[in-house]
Amino acid sequence: MSRIDARFVELAARERTGLIPFFTAGDPSPEAVVPVMHALVEAGADLIELGVPFSDPMADGPVIQHASERALAKGVGLARIFDWVREFRLRDTATPVVLMGYMNPVEIHGAARFAADAVAAGVDGVLLVDCPVEEIAAAAPLRDAGLAQIFLAAPTTTGERLARVCAAARGFLYYVSFAGITGADRLSTGDVRERVAAIRRQASTPVAVGFGVRDAASAAAIGEFADAVVIGSALVERLAGAAHADEAAERARAFLSPIRAALDRRT
Amino acid sequence: MQRIEDYSMYPDARGRFGDYGGSFVAETLIAPLAELDAAYRRLRTDTAFIAEFERDLKYYVGRPSPIYHAERLSREVGGAQILLKREDLNHTGAHKINNTIGQALVARHMGKRRIIAETGAGQHGVATATVCARFGLGCVVYMGATDIERQKINVYRMKLLGAEVVPVTSGSKTLKDALNEAMRDWVTNVADTFYIIGTVAGPHPYPQMVRDFNAVVGREARAQMLEQYGRLPDVITACVGGGSNAIGLFHAFLNDRDVRIVGAEAAGEGIATGHHAASLAAGRPGVLHGNRTYVLCDDDGQITETHSVSAGLDYPGVGPEHAFLKDSGRADYVGVTDDEALAAFHRLARSEGILAALESSHAVAQAIKLARELPHDRLVLCNLSGRGDKDVHTIAAREGISL
Ligand SMILES: Cc1ncc(COP(=O)(O)O)c(C=O)c1O
């Protein structure tokens with residue numbers, strides 16, 4: 001069983017809502033990446049989404065855009081990101097790691113080579129924001145190498161297409177809680193609850209919900225019906241500007257702990 | 001190399017031109033793109049819609065644009081005859097209006113009242129603001145902060161037409177970032193908003209739709225050639241930024257195998273210097289702005305900043321159909337430097353009394369090169385995509401003249 005599947009089985013057995021923090025690899029600093037990953041796990045993360053910075057992040061709001069720009073300015077690229085995951089795996093072989101990014105770096109690296117490097121480093125899944133199921137063929141080498149391709153479902157994903165997305169999903173399905181970009185503040189828990197219930201009836205994978213989850217209260221509200229909550233921009237904002245790796249790790253811990261506690265109180 | 005029998009068959013139903021094109025967008029945009037595709041598929045063969053479009057092209061844009069024989073220029077060059085397809089004579093001064101009228105009509109049929117657009121030089125922004133004023137639609141134009149600084153007159157022109165111009169400060173603050181920001185707006189406001197993309201880029205069906213609306217250029221030119229010269233040209237050429245004026249001219253000639261096709265990309269300070277925008281001549285296949293095409297990027301897949309004296313060619317991608325035409329061997333794409341374009345600008349001004357846009361000056365420079373190698377009885381048809389009034393300040397500044 002893959003690390004992602006094992007983690008969700010374990011969560012279900014413990015009746016615990018999964019907590020998935022996202023941050024951009026290389027921001028606030030290259031030295032902070034691995035310490036922040038460990039700190040997040042210590043504070044209760046069940047899976048880590050590591051953002052691969054891209055020059056043209058079309059689906060991201062200003063917070064993640066600027067984090068990408070800062071990381072790129074420090075020369076962050078795929079080779080270093082794979083190194084960080086490899087280093088993380090020296091101490092943590094249980095927490096799944098998903099890389100989240102855009103198609104072009106994968107295409108230029110070569111999908112097969114990207115997949116081999118990612119698997120060798122200990123990456124478990126890949127979420128390519130601009131690779132919808134219509135373009136699934138472009139990512140075939142990733143799945144062939146054993147990586148879980150995570151798909152998004154949006155409020156605009158309905159009917160036959162939703163069935164297609166559910167069928168293609170591996171690891172978990174990521175439900176985008178509103179039509180918009182990352183970091184926006186448009187979360188409406190009631191609408192999301194209904195949609196997630198409908199998706200869970202169709203999907204054979206767990207359903208995580210992201211976009212607009214900012215704090216303990218919004219995480220707990222979503223956690224009432226989702227298998228996992230994803231929290232990104234708010235964490236990236238909190239990490240930004242940390243002076244050194246220890247401070248970044250401390251901020252990560254301080255940010256995530258109350259969210260974990262709020263999720264656990266519910267269950 | 002695969003032999004293509006019929007170029008009019010592309011793209012396929014998934015928006016593919018061979019390996020290129022497609023719909024590489026975030027999940028939220030798939031549904032509105034499908035809605036647009038269905039609407040456009042219906043409208044493109046709807047006789048009432050076509051009649052509406054053609055009426056506007058005739059009475060509002062001023063079509064057909066003539067083919068003009070640049071006799072003095074041809075004599076000076078001393079080779080083939082250079083013919084100019086005068087898109088510079090259109091209302092708003094460029095080919096861009098062909099596309100914005102078409103898309104605004106589609107938006108109206110779909111009941112969308114709010115229009116967004118991206119712009120680089122401001123020409124597409126002006127053409128969009130123009131049709132929005134005429135159709136009474138709300139208009140928001142995204143423009144890189146750097147470009148706003150470089151193209152103040154077009155910014156003011158858009159405001160005069162009632163558009164809101166939003167500065168984009170992310171990334172390189174130029175056209176590609178304006179496109180990213182327009183996409184973000186669209187994702188956020190999908191229900192009531194129509195995105196008018198300014199070139200044959202973006203996800204399906206944009207490369208097809210923008211091509212179809214500009215294809216009037218080539219259809220007219222082909223008929224005019226037969227009428228005025230009794231034959232087709234030997235070579236056709238156009239400048240390639242995103243590639244809309246070029247595909248507009250080329251499309252009607254793709255199945256005429258005897259007509260040679262050459263696209264002129266911006267080689268900036270020279271391709272070897274790295275300061276250029278020649279995606280086809282110097283880039284590689286990748287994914288940008290919703291489609292697979294040739295892009296300019298580094299070995300890690302990060303899109304690189306481009307350079308051209310003409311803001312309208314300053315783009316690190318190119319329409320997927322051009323990528324397909326390059327790989328299939330049907331068209332050649334070559335670089336024209338800033339200096340060559342400027343020299344062609346002056347030459348055309350002095351020999352024919354025409355101030356060409358800096359973008360179009362790249363095509364003129366290429367036409368001169370092609371004509372020089374051919375005998376007097378050959379015909380080189382060049383798309384003069386726009387007029388140069390907007391560039392007067394740039395040219396003066398480059399030549400150290402303060403106006
Ligand atoms: C006059 C003119 N020609 C050409 C272009 C380049 O665009 P495309 O390659 O889509 O024709 C522009 C863009 O602003 C333009 O204004």
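I began with A:Phe211, which counts as buried at 11% relative accessibility, where buried means under 20% relative accessible area, with exposed over 50% and partly exposed in between (1.4 Å probe, protein chains only). I noted that this is a predicted model, in which local features need pLDDT of at least 70, side-chain atom pairs count only at pLDDT 80 or more, and totals for chains, interfaces and linings use all residues. For bookkeeping, residues are numbered from 1 along each chain as its sequence is written, chains are lettered from A and ligands numbered from 1 in the order in which they are written, and side-chain values use heavy atoms, with hydrogens and water left out.

Backbone phi.
I looked up phi of A:Phe211 and found a positive value near 80 degrees in a residue other than glycine; A:Phe211 lies in the chain A loop between strand 8 (207-210) and helix 10 (216-223), helices (H or I, at least four residues) and strands (E, at least two) being DSSP runs numbered from the N terminus.

Cis peptide bonds.
I then checked omega and found a cis peptide bond joining A:Asp27 and A:Pro28, with omega about 10 degrees, where A:Pro28 belongs to the chain A loop between strand 1 (18-24) and helix 2 (33-42).
In chain B, the peptide bond from B:Arg63 to B:Pro64 is cis with omega near 0 degrees, and I placed B:Pro64 in the loop between helix 2 (47-61) and strand 3 (67-69).
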